[in-house]
Amino acid sequence: MAQFDLPLDELRTYRSASTEPEDFDAFWAKTLQEAREHDLDARFDRVDLPLKTVTVHDVTFAGFGGHQIKGWLTVPAWANSPLPTVVEFIGYGGGRGLPHTHLLWASAGFAHFVMDTRGQASAWGGGETPDPVGSAPAFPGFMTRGVEDPETYYYRRLFTDAVRAVEAARSHPLVDPARVAALGTSQGGGITIAVGGLVPDLAAIAPDVPFLCDFPRAMTLTDRAPYREIGNYLKTHRGRSEQVRRTLAYFDGAHFAARGRAPALFSAALEDQTCPPSTVFAAFNAWGHEDKEIEVYDFNDHEGGGPYQQAAQLRWLPARV
């Protein structure tokens, strides 16, 4: 697929037409307050693995509704004092997987906290975190679960889990709470942006080809999943477009980005039909911290920079944490 979105010079100034709800901040303050009424109950159980350079802990903590969320914490085997830390969120359909697949950041001298994704983790990766909350009828996938009301929408639970994951990571003695960064690819990138808007004191964020940004444009520009799930839902539930758009506005990365207070390294791919580049630039251009950069991969689809973006993150992040 050739480039299909706006030219790069227009992307650099593009702004989302998404309307921010008047009670956006109040909604999220209430959501997080309710989550914090549950004891975080972060537990780190060391896992016996034949890995010589890292130590791995099986993590459990209380996310949205006090629900049990899983994760991995991987640290360099030599670590005996608090480290700069990366909290990572996973792409759509995936989960925390197996610990030996998460060695990059510990190899670079970071503590690395990977959050499992509630209810997903059966398309790839694998995980162990169910979503105990049901919803009204939805199109297969996660994009329309509870989508007719922000209180019941799936991503309210997932974004809350992610904020609590940062809090859980910070509770471990080998994590320096002042040097915590968040990152992720695709859905993980969208979660990263949300966390960057909800946690005011992160050291940095690095969303890679992020999903969940600029819903009004994404859901009409691309017919590729997962955004297409929304259109397919509305194809059946005629007349509910405004109701659905209202809900999605509470979860739009462009609105979280405006509240971002940490240095940020984004990436976009100009042939990406899954997360169109204009939707990524909508969040990047809105990001609220002046120290922000974006890597652009002009002939790549949703794979983006892949290992090249990881290399960029490895160069960029140590100066921020």
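Buried means under 20% relative accessible area, exposed over 50%, and partly exposed in between, with a 1.4 Å probe and protein chains only. By that rule, F24, F27, W28, T31, L32 and A35 of helix α2 are buried. This is a predicted model, in which local features need pLDDT of at least 70 and side-chain atom pairs count only at pLDDT 80 or more, while totals for chains, interfaces and linings use all residues. Residues are numbered from 1 along each chain as its sequence is written, and side-chain values use heavy atoms, with hydrogens and water left out.

**Helix α2**

- Helices (H or I, at least four residues) and strands (E, at least two) are DSSP runs, numbered from the N terminus.
- Helix α2 covers residues 24–36, and its 13 residues should span 18 Å at 1.5 Å a residue. The expected span is 1.5 Å times one less than the number of residues.
- The end C-alpha atoms of α2 are 19 Å apart, which agrees.
- The buried residues of α2 fall within an arc of 120° seen down the axis, so they line one face of the helix. The arc is taken from the directions from the helix axis to the C-beta atoms.
- Among the elements covering these buried residues are α4, α5 (187–198), α8 and α9. Contact here means heavy atoms within 4.5 Å.

**Aromatic pairs**

- The whole structure has 23 aromatic pairs. Rings of Phe, Tyr and Trp (its six-membered ring) pair if their centres lie within 6.5 Å; planes under 30 degrees apart count as stacked, over 60 as edge-to-face and the rest as tilted.
- F142 and Y154 have ring centres 5.3 Å apart and planes at 35°, so this pair is tilted. F142 is in the loop between β5 (111–115) and α4 (154–170), and Y154 is in helix α4, 12 residues apart. Both F142 and Y154 are buried.
- Y153 and F251 have ring centres 5.0 Å apart and planes at 70°, so this pair is edge-to-face. Y153 lies in the loop between β5 and α4, and F251 in the loop between α8 (241–249) and α9 (253–257), so the pair ties together parts 98 residues apart in sequence. Y153 and F251 are both buried.

**Charges over rings**

- The charged end of R96 sits over the ring of W72, 3.6 Å from its centre. The rule is NZ of Lys or CZ of Arg within 6 Å of the ring centre and within 35 degrees of the ring normal.
- K292 lies over the face of F284, 5.1 Å from the ring centre.

**Cysteines**

- The structure holds 0 disulfides, a disulfide being a pair of cysteine sulfur atoms within 2.5 Å.
- The closest cysteine sulfur to that of C213 is in C275, 7.6 Å away, too far for a bond.
- C213 is buried, at 0% relative accessible area. C275 is buried too, at 1%.
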